[in-house]
Amino acid sequence: MKTWKAGWAIVVPAFALGACAVLPAHDAEVDDARAAVLAAQNDAQVVSLAPVELHKAVDAMREADAAWSNRSSIEEVHHLAYLAWTHAAIAKETARLKTAEASVASANAERDRVRLEARTREAERAQREAARAQAQADANRANALAAQQQAADAAQQAQAARDAAEASRAQAADAQARAQSLQSALSELQARPTDRGMVVTMGDLLFDTGSAHLNPGGLRVVDHLVEFMQAYPQRRVSIEGFTDSVGNFAANQDLSERRASAVRLALIDRGVDPARLVARGYGEDYPVASNTNPAGRQLNRRVEIVISDANGSIASRGSPPVANMGRGPRG
Amino acid sequence: MLGERFKRTVGIAGATAFAMLAAGCVTVATPSPTGKLDVANAAIADAVSADASQYDAADLDKARRKLARAHDEAAQGDYGVAQDLAEEAEVDARLAATRARSTKAAQAAAAVQESIRALDDEIARKPQ
């Protein structure tokens, strides 16, 4: 370009004023270029981010102005103005490029920061969840312990219930055993049920003939009665003596009383409380068989022992009344 | 290089001034514009590599047309016009390249900003 201008400077004197004499005061393209360069110079971003490109634009504009002042050819002036305008545009685009690149860089940094923050939050959240899970596990463990305790309590209660049931069973068995014992004791005594309760009959053969003296067989019955009375302390007995109708009435009454009394005394001798024993003689009354033959009369000679109920009460004999301890009507 | 040619040109001009003027041989001062053409060609290649055909096709085409014309002028021996055209083709190509690069950079900046916005949205949606 300088070469071109130098060449032009050389040829100027030779051409004198011939071809290049008339030029307008202003040129639109030069004005456009100047405005573009000026705008670039006033753009702070272009000044700071594209100084090299801006310098080229300013230089090109200076050359265009010089060419205009030196009245160079309009083509040359336009060419230089075009270069100046384009350099200004390049400077503007360069500033835009640098701005965008800086924006990308800072945005990348911002993105990295946001990602880091997100990861940090994620880690914190994971920590919180882990802590929550731990707390839940602790609570579960506590619940399990409580459940175990409850199970142990329940097992203990069940054992207690089993023990209670066992005790009940034992009591029931005991009661049954007592009932069986009573039954067997009564059957040992050959007791028989009557309207007034269980009655043990001591036959004539258990006494010495015509006497109130108990022979060994009678005493064995008395021993059984003692066992019974000791096993069932609530029971009381009524001891009642009878004879057949042979012989003197008063003597029969006397014998029946003595025989009943003998049994009562034998029981008292063996430890039975006298308050539990009542003895009476009924003489010839209340025969259980006919007095017209020896077998019937033997059955009538007897002592009956009436056993009370569990409360100790005994139904009274119908007729003659129990209160009548004297002679009854003759049968 | 140009300085050397200049001095030689001045020397020649000083010695044969009147003879040359008489012959009307003005353009003898302008050397071959081969260097300018090469520079413009390289600038165009750079613009192409910057995807100027996509982002600033108008300036790239202008540069190519001017370079083609510069070759034509040079082939016809009109070196002065060829050189001017080559110079203009070079700055056109450089403008196309710079504009393509700045446009892509602006798009990249917008994309990163968008990714940040998406990231922020994603974080906001997550439970704290």
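Which strands of chain A does helix H7 (residues 249-269) lie across? I shall answer that after a word on the model and on chain A as a whole.

The structure is a predicted model, in which local features need pLDDT of at least 70 and side-chain atom pairs count only at pLDDT 80 or more, while totals for chains, interfaces and linings use all residues. Residues are numbered from 1 along each chain as its sequence is written, and chains are lettered from A and ligands numbered from 1 in the order in which they are written.

Chain A contains eight helices and five strands. By these words I mean DSSP runs numbered from the N terminus, with helices (H or I) of at least four residues and strands (E) of at least two. Along the sequence the pattern is α-α-α-α-α-β-β-α-β-α-β-α-β. Of its 331 residues, 28% count as buried. A residue is buried if 20 or more other C-beta atoms lie within 10 Å of its own, exposed if 12 or fewer, and partly exposed in between, with the C-beta atoms placed from the backbone. In chain A, 71% of the contacts with a separation of 6 or more are between residues 24 or more positions apart. Two residues are in contact if their C-beta atoms, placed from the backbone, lie within 7 Å.

I turn now to the sheet. Strands of a sheet pair through backbone hydrogen bonds, either parallel or antiparallel. In chain A, five strands form an open sheet in the order S1-S2-S5-S3-S4, with mixed pairing; two strands pair if DSSP finds at least two bridges between them. Strand S1 (192-194) and strand S4 (277-281) of chain A are at the edges, each with a single partner strand, so one side of each has no neighbour in the sheet. From one strand to the next, the twist averages 30°.

Strand S5 (residues 302-307) of chain A is mostly covered, six of its six residues being buried. On one side these are Arg302(A), Glu304(A) and Val306(A), and on the other Val303(A), Ile305(A) and Ile307(A), so that both faces are covered. Strand S2 (residues 197-203) of chain A runs antiparallel to S5(A) and is joined to it by five bridges; here Gly203(A) stands opposite Arg302(A). Strand S3 (residues 237-242) of chain A also pairs with S5(A) in the antiparallel sense, over six bridges, and Glu240(A) stands opposite Glu304(A). S3(A) and S4(A), by contrast, pair in the parallel sense over five bridges, with Val237(A) opposite Leu277(A).

That brings me back to the opening question. Helix H7 of chain A lies across S2, S3, S4 and S5 of chain A, and runs at about 165° to S4(A). Axes here are lines fitted to C-alpha atoms, for helices over the stretch in contact, and angles run from 0 to 180 degrees between N-to-C directions.

Two further residues of chain A deserve mention. Tyr286(A) lies in the loop between S4 and helix H8 (294-300) of chain A, and has a positive phi of about 50° although it is not a glycine. Tyr286(A) counts as partly exposed because it has 17 C-beta neighbours inside 10 Å. Ala315(A) is found in the segment after S5 of chain A. Ala315(A) is 120 residues from Asp195(A) in sequence and 8.3 Å from it in space, C-alpha to C-alpha. Leaving aside neighbours within four places in sequence, Ala315(A) is in contact with Asp195(A), Arg196(A) and Gly197(A).

Chain B has five helices and zero strands. Of its 128 residues, 34% count as buried. Helix H4 (residues 57-75) and helix H5 (residues 79-125) of chain B pack at an angle of about 160°, with their axes 8 Å apart. H4(B) is therefore roughly antiparallel to H5(B), a description given to angles over 145 degrees, with those under 35 roughly parallel, 65 to 115 roughly perpendicular and the rest oblique. The residues of this contact divide into 14 nonpolar, no polar and eight charged. Ala, Val, Leu, Ile, Met, Phe, Trp, Tyr, Cys and Pro count as nonpolar, Asp, Glu, Lys and Arg as charged, and the others, Gly among them, as polar.

Finally, Asp51(B) is in the loop between helix H2 (34-49) and helix H3 (52-55) of chain B. Asp51(B) has a positive phi of about 65° although it is not a glycine.
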